[in-house]
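Morning. Please have the structure up.

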Amino acid sequence: LLLVLAAPASAPPDGPYFITTGSFREKAAAQAHARDRGGWVLRTDLYRGLTPGYFAVVRGPFDRRGDAEAALVRLRAQHPDAFVRAAGRPVLP
């Protein structure tokens, strides 16, 4: 017996989406970056699609990738290395 599991046609998207403008191992460094350059601090351990162990300075969340990409265009002048990342499902305790 061969069982193939496929995602249903109505599978949820990879979102929420965040624009990441900085990523830090230390929370204090992330908070200083957010204070000086805008955004807020997100602990990456909270989402399955993000690399655990960091404090990311982000904008968002955005429900759709297109909305995040549009906001990224406006942020590029101040944050040339910023990027959009799909966070995936939250990690619940």
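Ala56 lies in strand β3; strands (E, at least two residues) and helices (H or I, at least four) are DSSP runs numbered from the N terminus. This is a predicted model: local features need pLDDT of at least 70 and side-chain atom pairs 80 or more, while totals for chains, interfaces and linings use all residues. Residues are numbered from 1 along each chain as its sequence is written, and side-chain values use heavy atoms, without hydrogens or water.

Ala56 is buried, at 5% relative accessible area; buried means under 20%, exposed over 50%, partly exposed in between, with a 1.4 Å probe and protein chains only. Beyond four places in sequence, the contacts of Ala56 (heavy atoms within 4.5 Å) include Thr20, Trp40 and Leu42.

Ala56 also lines the largest pocket, as do Phe18, Tyr54 and Arg85, among others. A pocket is an open set of points on a 1 Å grid over the protein atoms alone, where a 1.4 Å probe fits, with protein on both sides within 12 Å along at least five of seven lines; lining residues have an atom within 4 Å of a point. Which element gives the largest share of the lining? β1, with three residues.

Now the cores: sets of buried Ala, Val, Leu, Ile, Met, Phe, Trp, Tyr and Cys residues joined through side-chain atoms within 4.5 Å. The largest has 10 residues, including Tyr17, Ala68 and Val84. Helix α2 (65–75) gives the most to this core, four residues. A second, separate core of seven residues includes Ala56, along with Tyr47, Val58 and Ala87.
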